[in-house]
Amino acid sequence: PRSTLFPYTTLFRSAKTVAGLSTSTVQSVATCGNAMVFNVQARDVYGNKQAYQDVLPGSDSSAFPDQVTVSLVPYASSDADVIYGTYRSMPACSAPIGTTARTICTPFLMQTLLTQSGIYRMDVRINQVLLNGQPMDVKVEPGRPDPTRFTLSGSGMTSLAAGIPSTFSVTVQDSFGNFANITDLEAFSLIAKIVGGKREKQCTSVTSSSTVCALESVSVDVIGNLSYGPTQSIFDGKGTIPVFSNIIVEYMASNSLATRLELTFDGRHVASSPYNVTVHNAAIQPEASIASGRGLSGSMVGEQAEIIITAKDAFQNLMTNADTLFDVQLVGPSRIRAQFDSALSPGASFKYVYTPYVVGTYNVSVTKLGRHLSGSPVELVIEPNIAVASRCYIEGDGASLGTVGVAATLTLYARDSFGNDITQGGDVFLRSEERRVGKECRSRW
């Protein structure tokens, strides 16, 4: 007859763990800075998943009868004991099963954080015995580009000439200093901007020797041309591989007053940005340079006239290194070549002077390299100076002979000290009389 003691509920425990039958879910590719998480499933000799009933939830991994260890050794390292990154074992505990009140913990949840790219040899062991499929290679790729770790090189990041393309190189790295491959889309997240220039807006003379200028900010965006630079050759432990981590930035600025270069990647400043940058003026542009001064609008013989030359480049930048070789000529009744007098602002503004001695209409030209400056050519009139009695003279019969009671006429020609006839102006000549009594002969003029 059937016993009243049956049926029984029986819980079969796993047998002893066998590392060679245990498995893991390790992936062959990981990324620096991103936790690599995988399971280690301990199994017994029959392939059953191991369960741990006698360990309370939250216990340290050392409380488990099976110990899981992970070893990560980069092939590129000569030190076999070096492990880059961290790892820890975190057994995942589940609710009780069957009639037992004990907690079942299985499998082990492993987490590894690596910070150096390359190929690693990974060993996963249970109780110092390799798991099935171990060891294995894990390729650790660089993390996301981190602008704060980028490095720059090249003279174009500190100095350039207005209007002339300049270049510098940006080496892209992740947060841990690994050379990072850069995609086309990421490359165009790199933006160069020239900012911080100052332009004189309005100047007021405070004293005869000082001037105060109100300044306005000048901001010029410069979108650079981007291209890949030389590839980095990186030894990953198994061989040398190319890494596209260099970007060549070509950009151009036109404002020589700019003082800073801002470099951003994906909206974030690159390391040490903004950079101090000097934008030198371009070559002198005669048509942009300006000729001005009283000497271009008229003058008077015997008096020095001045012409002011302001040298600029094609972008209206004031020159800082212009020479004084300007050709300033007046062509008319005589030919006059103005002479350099002084530099009002070294390399930028110059004063030329000339002194005319012959009246008349002149054509004035101010040229550089055979090309006229703005304000040239121009026509002007040289006027005579004031009348000088010693240079004036009289013509006509009345100047030497007269008849009593008969009007005599003469013509008086007014001249300046250089012998130029004065044809207008209102000079006053006084009449004088001389009388001789006795012979009753009178002379009057």
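The legends below describe close-up views of a predicted model.

View 1. The 4 strands follow the order 23-25-29-28 and pair antiparallel. Strand 23 (290-292) and strand 28 (339-345) form the edges, each pairing on one side only. On average, neighbouring strands of this sheet are turned by 25° against each other, direction ignored.

**View 2. Strand 28 against strand 29.** Strand 28 and strand 29 (residues 349-354) run antiparallel and are joined by 5 bridges. Within this pairing, S342 stands opposite K351 of strand 29.

**View 3. A salt-bridge network around K351.** E306, D341 and K351 are linked in a network of salt bridges. The side chains of E306 and K351 meet at 3.8 Å, N to O. E306 lies in strand 25 (residues 305-310) and K351 in strand 29, so this pair ties together parts 45 residues apart in sequence. K351 also forms a salt bridge with D341, at 3.6 Å, N to O. Here the partners are 10 residues apart, K351 in strand 29 and D341 in strand 28.

**View 4. K368 and its surroundings.** K368 is found in strand 30 (residues 360-368). Its side chain meets that of D323 in a salt bridge of 2.2 Å, N to O. D323 sits in the loop between strand 25 and strand 26 (327-331), 45 residues from K368. K368 counts as buried because its relative accessibility of 6% is under 20%, whereas D323, at 38%, counts as partly exposed. Leaving aside neighbours within four places in sequence, K368 is in contact with I284, P286, D323, L325, F326 and L373.

Notes: Residues are numbered from 1 along each chain as its sequence is written. This is a predicted model: local features need pLDDT of at least 70, side-chain atom pairs count only at pLDDT 80 or more; totals for chains, interfaces and linings use all residues. Side-chain values use heavy atoms; hydrogens and water are left out. Helices (H or I, at least four residues) and strands (E, at least two) are DSSP runs, numbered from the N terminus. Contact means heavy atoms within 4.5 Å. Two strands pair if DSSP finds at least two bridges between them. Axes are lines fitted to C-alpha atoms, for helices over the stretch in contact, and angles run from 0 to 180 degrees between N-to-C directions. A salt bridge is a side-chain nitrogen of Lys or Arg within 4 Å of a carboxyl oxygen of Asp or Glu. Buried means under 20% relative accessible area, exposed over 50%, partly exposed in between (1.4 Å probe, protein chains only).
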